[in-house]
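Thanks for coming, everyone. I'll take you through one structure, starting with the whole chain and then going in.

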Amino acid sequence: MRALVTGGGGMLAREVVRTLEEEGATVHAPTRRELDVTEQAALIAAFEDLEPEAVFYCAAYTDVDGAESNPAEAYAVNAVATARIARLCHDRDASLVYPSTDYVFSGEGSEPYRTDDPLSPLNVYGASKAAGECAVLAAPRGCVVRTSWLYGDGGANFVTSIVRKAREGGALRVVTDQIGRPTWTRQLARILVSLQAGGAQGMFHATGGGQPVSWHGFARAVLEHAGVGGEVVPVSSAEFGRAARRPAYSVLDCSETESRLGAIADWRADLAAFFASAGNGVDD
Ligand SMILES: NC(=O)c1ccc[n+]([C@@H]2O[C@H](COP(=O)([O-])OP(=O)(O)OC[C@H]3O[C@@H](n4cnc5c(N)ncnc54)[C@H](OP(=O)(O)O)[C@@H]3O)[C@@H](O)[C@H]2O)c1
């Protein structure tokens with residue numbers, strides 16, 4: 001299979017490339033510099049040149065706070081370029097996998113969000129991803145996979161930054177009033193590739209399994225695995241004060257994905273596997 005992975009070099013893209021190559025696919029994963037998805041002519045040229053049978057749209061504007069002051073940039077990558085790619089995939093009968101986010105929900109619920117629950121994003125990033133989802137779902141072979149709290153090799157992420165800050169000393173302030181499920185990019189990449197291979201279309205949820213946790217609880221679990229001491233000071237989102245509001249409860253119901261692919265591992269087991277894996281970037 002010929003696969004195009006946009007946003008090459010990104011944290012999830014790296015794992016998607018690794019997984020596809022393990023499966024024997026021919027993979028092209030251009031970086032933003034090599035293929036800026038907001039440049040339509042470049043996109044069309046890439047499709048003509050590579051003739052992808054599957055596209056994994058891992059390019060994204062992921063700066064949640066930055067999106068509040070740069071909505072045009074967030075929408076350009078997460079929605080407008082997504083719609084163009086969806087059209088190209090439609091025209092060429094390619095499948096399209098679009099990772100999306102728990103931030104499309106308001107977080108006011110108390111039960112895991114189902115794939116068909118109404119959307120009510122609290123921030124620009126979530127709204128731009130919701131718009132991208134619509135474009136993908138309009139493509140006959142489009143597949144949206146919402147996930148949450150990603151960490152993995154080679155990216156700025158919560159796990160590596162908590163370990164780094166703890167090693168530097170000083171107290172860590174981490175919020176207690178946002179509840180979700182952490183997700184290892186390696187686990188998610190396997191799910192994305194398996195869903196595509198199985199011809200999945202429509203909306204899916206995929207996060208680490210097990211009991212939901214607060215960012216504060218997650219930080220403590222990370223430090224335990226890293227074997228680093230240090231105080232984790234519980235704070236509220238209001239005290240923390242960020243440009244973008246975030247959902248308080250953003251647990252995703254992954255039952256549709258699990259009924260296709262089997263149970264997803266507990267996020268704690270994945271965190272242990274991440275720390276045991278080579279090149280995880282924690283010691284960089
Ligand atoms: N990270 C999370 O916690 C999280 C949670 C839920 C869902 N997601 C979703 O998961 C997906 C992957 O996220 P991630 O954490 O892997 O993000 P990431 O590490 O920020 O990767 C995104 C990649 O997209 C590239 N990119 C940005 N603008 C582009 C453009 N115009 N053309 C081509 N490439 C462009 C970035 O390049 P530069 O580095 O050069 O900007 C980067 O390589 C995204 O769809 C995101 O919305 C992430």
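**The chain as a whole**

Buried residues make up 48% of the 284 residues in the protein chain. Buried here is a count: 20 or more other C-beta atoms within 10 Å of the residue's own, with 12 or fewer called exposed, anything in between partly exposed, and C-beta atoms placed from the backbone.

Two notes on the source. This is a predicted model: local features need pLDDT of at least 70, side-chain atom pairs count only at pLDDT 80 or more, and totals for chains, interfaces and linings use all residues. Residues are numbered from 1 along each chain as its sequence is written.

The protein chain has 11 helices and 12 strands. These are DSSP runs, numbered from the N terminus: helices are H or I with at least four residues, strands are E with at least two. The radius of gyration is 18 Å, close to the 19 Å from the globule rule for 284 residues, so the chain is as compact as a globular protein of that length. That radius is taken over C-alpha atoms, and the rule is 2.2 Å times the number of residues to the power 0.38. Along its principal axes, the C-alpha trace spans about 55 × 40 × 40 Å.

Now contacts, meaning two C-beta atoms, placed from the backbone, within 7 Å. Of those with a separation of 6 or more, 82% link residues 24 or more positions apart.

**Strand S5**

Is strand S5 enclosed or open? Six of the six residues of S5, residues 142–147, are buried, so the strand is largely enclosed by the rest of the structure. In a regular strand the side chains alternate between the two faces of the sheet. Both faces of S5 are covered: Gly 142, Val 144 and Arg 146 are buried on one side, and Cys 143, Val 145 and Thr 147 on the other.

Which strands pair with S5? Strand S4, residues 95–101, runs parallel to S5 and is joined to it by six bridges. S10 also pairs with S5 in the parallel sense, over four bridges. Pairing requires at least two DSSP bridges between the strands. Ser 100 stands opposite Arg 146 in S5. Val 144 faces Met 203 in S10.

S4, helix H5 (residues 124–137) and S5 make a right-handed β-α-β unit. Right-handed means that, with the strands pointing away from the viewer, the path from the first strand over the helix to the second runs clockwise.

Trp 149 has a positive phi of about 45 degrees, although it is not a glycine. Most residues other than glycine have a negative phi. Trp 149 is buried, with 22 other C-beta atoms within 10 Å.

Glu 51 also has a positive phi of about 45 degrees and is not a glycine. Its place is the loop between helix H2 (40–50) and strand S3 (54–57). With 11 C-beta neighbours inside 10 Å, Glu 51 counts as exposed.

**Thr 207**

Last residue. Thr 207 sits in the loop between strand S10 (202–205) and strand S11 (213–214). It is buried, with 30 other C-beta atoms within 10 Å. What does Thr 207 touch, leaving aside neighbours within four places in sequence? Its contacts are Thr 147, Ser 148, Arg 181, Thr 183, Leu 252 and Cys 254.

That's my tour. Over to you.
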